[in-house]
Structure formats: structure tokens, C-alpha cells
Amino acid sequence: MSTWNPPRLLDQAVMSLLRDEASAISALEYLLNELFPPLFMEAFYGSCRETLKAMVQAWPFVRLPLGGLMEMPHLGTLQAVLDGLDVLLSHKDQPRRCKLQVLDLRNTGQDFWRMWSGSSVQVSSSSLEEPVAKNRPRTQRTFAPLEVFIELHINGRSMDGSLAYLMRWVEERKASIHLCCKKLKIESMPRDNIMKILSMVQLDCVEDVRINCNWHLSSLAVFAPLLGQMSNVQRLLLSHTDVSALEDQEEQHVVQFASQFLRLNHLQDLFLVSTFFLEDIVILLLLRCLTNPLDTLGITHCLLTNSDLTHLSQCPNISQLKGLNLRGVTLTYSSPELLPGLLEKVAATLQELYLDQCGIMDSQLETILPALSHCFQLNFFSVRGNFLSMMLRHTSSLPSLCQELYTVPQESFSSLGILQLGRLAQCRAELLEILKDLGRPRTIWISSSPCPHCGEDTFNHPDHCPQ
């Protein structure tokens with residue numbers, strides 16, 4: 001038997017108002033604050049552009065989380081909101097009713113809208129009463145510059161219509177708009193276009209930077225001054241950057257780029273992915289130009305020489321690492337004492353360690369184990385894609401270790417490299433016995449084959465130690 005839920009009085013009032021946009025707009029002066037969000041949502045989904053434009057000028061909250069309503073870019077409604085802001089910015093004094101200081105175009109704020117729509121009561125509107133950007137003092141004037149928050153993903157040769165429109169709008173109003181971007185991702189776009197876009201962004205707002213471009217060192221050198229202005233960046237990823245095959249005189253570009261790290265006082269996580277280095281230069285300069293210790297360091301799918309590993313272990317800024325990721329770094333050609341030396345350097349603080357696809361075999365593992373046994377804070381350890389036997393017996397003494405990711409042990413394969421399910425079951429039984437002896441929770445994942453869809457390893461069900 002179906003049930004019918006009649007519309008709430010609030011919903012009826014909102015729909016009644018919007019039947020006549022002129023009446024809705026004239027009522028905004030007297031409308032309760034609590035009625036603004038549901039009326040805005042109805043106007044947004046009903047494409048009532050004049051109502052949206054008027055509501056922006058009377059918005060009674062500090063923040064308007066418009067991005068929480070825009071699952072897909074919607075140029076028409078964005079234009080209506082920006083038209084409302086134009087009227088607002090043209091006032092010498094901020095209107096009495098309006099408190100708007102932040103337009104948030106990120107995919108956040110859904111909880112706020114759900115609360116006002118009646119589907120959630122977990123969020124308080126007080127979160128909208130404070131400006132988002134607390135770390136930068138606002139200009140003391142009657143109407144301070146409006147902050148517009150976005151997440152920038154610069155990808156392809158051109159921008160989508162909504163982003164292009166927004167950028168033109170911001171460019172024409174630089175004195176009145178602070179374009180803030182906490183997450184910045186740059187992919188395959190001409191360098192000049194990237195520089196033009198970033199010239200409109202308040203770079204000291206950026207906290208997370210991900211560069212996935214086939215840039216040579218000359219491009220990195222041009223980008224370097226912009227990176228230096230991102231003084232609050234906490235996470236930096238450089239991927240597929242080629243700084244090899246250069247003439248010696250171009251090494252000054254490395255210095256120019258690395259020297260900007262002196263200004264990154266808040267950098268916590270650094271990731272270098274599929275990056276080709278000038279031997280002995282990039283590792284040395286990038287890490288030694290950091291002013292504060294890192295929390296996480298990832299150098300993955302790269303070639304690290306013995307000299308690189310030596311410089312890395314001597315760098316003072318890795319002594320407090322919580323996470324170390326060397327996935328895809330072939331360690332079979334390095335001197336056997338170098339990786340243990342690096343692990344000893346970070347043993348006191350290390351919590352996560354990734355040594356996947358490093359070509360490690362049992363003989364090399366034996367040289368690592370003494371240093372690994374000193375990592376008493378280690379709680380996550382992954383060595384997938386290596387050629388190892390049963391390893392749990394070697395890590396069972398680590399008191400904090402609770403998650404381990406392994407490749408199927410070599411004992412499970414025949415001499416022809418064929419997986420023997422019976423042997424795998426026997427290995428699993430041995431794991432369970434070791435887990436029982438530990439007497440504390442622990443999760444072990446054993447990879448069996450790569451996923452045909454994403455290329456990542458898939459895993460058997462984890463074995464849990466009984467509580």
C-alpha cells in the first residue's frame with residue numbers, strides 16, 4: 001500500500017512565492033533568514049534567474065555554497081548569480097541585509113542544502129556565519145573584496161564554458177574579487193594558458209598542487225616563481241616531469257626551481273611520480289631547500305641511483321616522516337645498505353611504508369628486516385609486486401602494525417610459475433596460525449592478480465586476528 005506525503009507548509013510557501021517572481025523579489029526584504037535557502041534552491045532548480053539575481057544581493061549568510069547545488073556546470077544559473085554580484089559590487093556600501101563575503105563554487109556545502117530541504121538535520125547554519133578564509137585578514141573597508149572559491153582542474157586545450165565565463169568575469173573585476181583555489185590540478189594545457197589562469201588566482205590560498213604535465217626543466221623554471229607564491233601549499237605532486245637529457249649549463253634551471261621550496265613553509269607532503277632526474281641534483285636540491293620536515297615523501301616509478309638514495313638518507317627534512325612511498329623504484333641495483341640506512345633515519349616516526357614493485361627478493365629483504373624491526377610506529381606496510389616468500393613471520397614483532405599488503409608468496413607457485421591453489425590455501429592456514437599467536441587485531445591482504453579494469457591488484461578476503 002503506497003503512502004502519500006503531502007508537501008510541507010514551507011514547500012508550499014516557497015512554491016507560492018515563485019509563481020510570481022516580482023512578488024518573490026519584493027518579499028526578500030522581509031523574508032526570514034530560514035526561508036532563504038529553500039527559496040534559493042527552488043529558484044535554482046526552476047531557473048528563476050531574476051529571483052536568483054535578487055537573492056544574491058540580499059543573502060543573509062556570510063557564505064553562499066553554490067557549488068553544492070551544481071552537480072554539472074550550469075552556465076545560466078552561474079550567470080544569474082554573477083549578475084547579482086555585479087549589482088552588489090556596484091554599491092558603495094554593502095546593503096543592510098546582505099552579509100555575503102564568500103561565493104563557494106566547490107563541490108561542497110551539500111549538507112547545508114540538505115538541512116534546509118528537510119532531508120538532514122545534522123548541520124547548523126552557523127557554519128556559514130564565518131568567512132572561509134580565516135588565515136588572511138580581510139581589507140578593512142565598507143565592502144571588502146568578495147572571495148570566490150573554486151577547485152581548478154586545468155585540463156585540455158580549452159576551458160569549459162562555465163569556467164571560461166567565470167575567468168573572464170574575474171579578470172574584469174580584479175580589484176573587487178579574490179579568486180581562491182585550495183586544490184589546483186594542472187594537466188596537458190599550453191603553458192601560456194596556464195600562466196594566464198594562475199595570474200588571476202590568489203596563489204597564497206593554494207594548499208594542494210598536482211602537476212601532471214610532460215614539462216621539461218625550462219617549463220618548470222618558468223612555473224617556479226608562481227610556485228614560490230603558493231606560500232601555504234601543504235601538498236605538492238609533480239608527475240611525468242622530464243628534467244633529464246639536458247646540457248650542463250641548464251642545471252641553473254634546477255636551482256631556480258628548487259630554490260622556490262625555501263618559501264614553502266607549510267609543505268607537508270611531497271610526491272615525485274614518473275619523474276626523470278638529473279643525477280645527484282634534483283633530489284639533493286629539492287629536499288635540502290625545504291625549510292620544515294616533511295610528513296610524507298613519495299618518489300615513485302622513478303630511477304633512483306645509489307647517490308640519490310645516499311643524499312635522501314642524509315637529508316635532515318625527512319627525519320620525521322610518517323609516510324614513505326617508493327613504489328615502482330627498482331632497488332635491485334642499489335647497494336644493499338642504502339635502503340636500510342634510509343629506514344633507520346625515519347624509524348622513530350614512520351607509520352606507512354610502500355615498497356611495491358621494487359624488485360625486492362628474499363635476499364634483499366633480509367638486509368631490510370633489522371631496520372624495519374625498529375619502526376615501532378609502523379601500522380601500514382605494502383610490498384606488493386615483489387618476489388617474496390612468506391613474510392609475516394618477519395614482521396610479527398612490530399607492535400603497531402595492523403595492515404599488511406603482500407603478493408602471493410613464492411611458495412604458492414610451481415617451478416613453472418603456475419599458481420597452485422592448494423599451496424596458497426596452505427600459506428593462508430599458516431597466516432591464520434601466526435595471527436592467532438599474535439593475540440591482537442591485524443589485517444593481511446594477499447594480491448592474486450591485477451584488476452583487468454584499472455590495472456591495480458585485487459585482493460583475497462583479509463584474514464583477521466580473533467579479537
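You are looking at a predicted model, in which local features need pLDDT of at least 70, side-chain atom pairs count only at pLDDT 80 or more, and totals for chains, interfaces and linings use all residues. Residues are numbered from 1 along each chain as its sequence is written, and side-chain values use heavy atoms, with hydrogens and water left out.

Stay on His301. Its loop runs between β9 and α12 (306-314). Helices (H or I, at least four residues) and strands (E, at least two) are DSSP runs, numbered from the N terminus. His301 is not a glycine, yet its phi is positive, about 50°.

Next, select Thr300. This residue belongs to strand β9 (residues 296-300). Thr300 is buried, at 7% relative accessibility. Show its contacts, meaning heavy atoms within 4.5 Å. Leaving aside residues up to four places away in sequence, Thr300 touches Leu272, Val273, Ser274, Asn325, Leu326, Arg327 and Val329.

Now go to Ser47. Look in the loop between α3 (36-45) and α4 (49-57). Ser47 also has a positive phi, about 55°, without being a glycine. Its relative accessible area is 41%, so Ser47 is partly exposed.

Finish with the cysteines. Cys289 is buried at 13% relative accessible area. Cys402 is partly exposed at 31%.

Methods:
Buried < 20%, exposed > 50% of the residue type's maximum accessible area, 1.4 Å probe, protein only.
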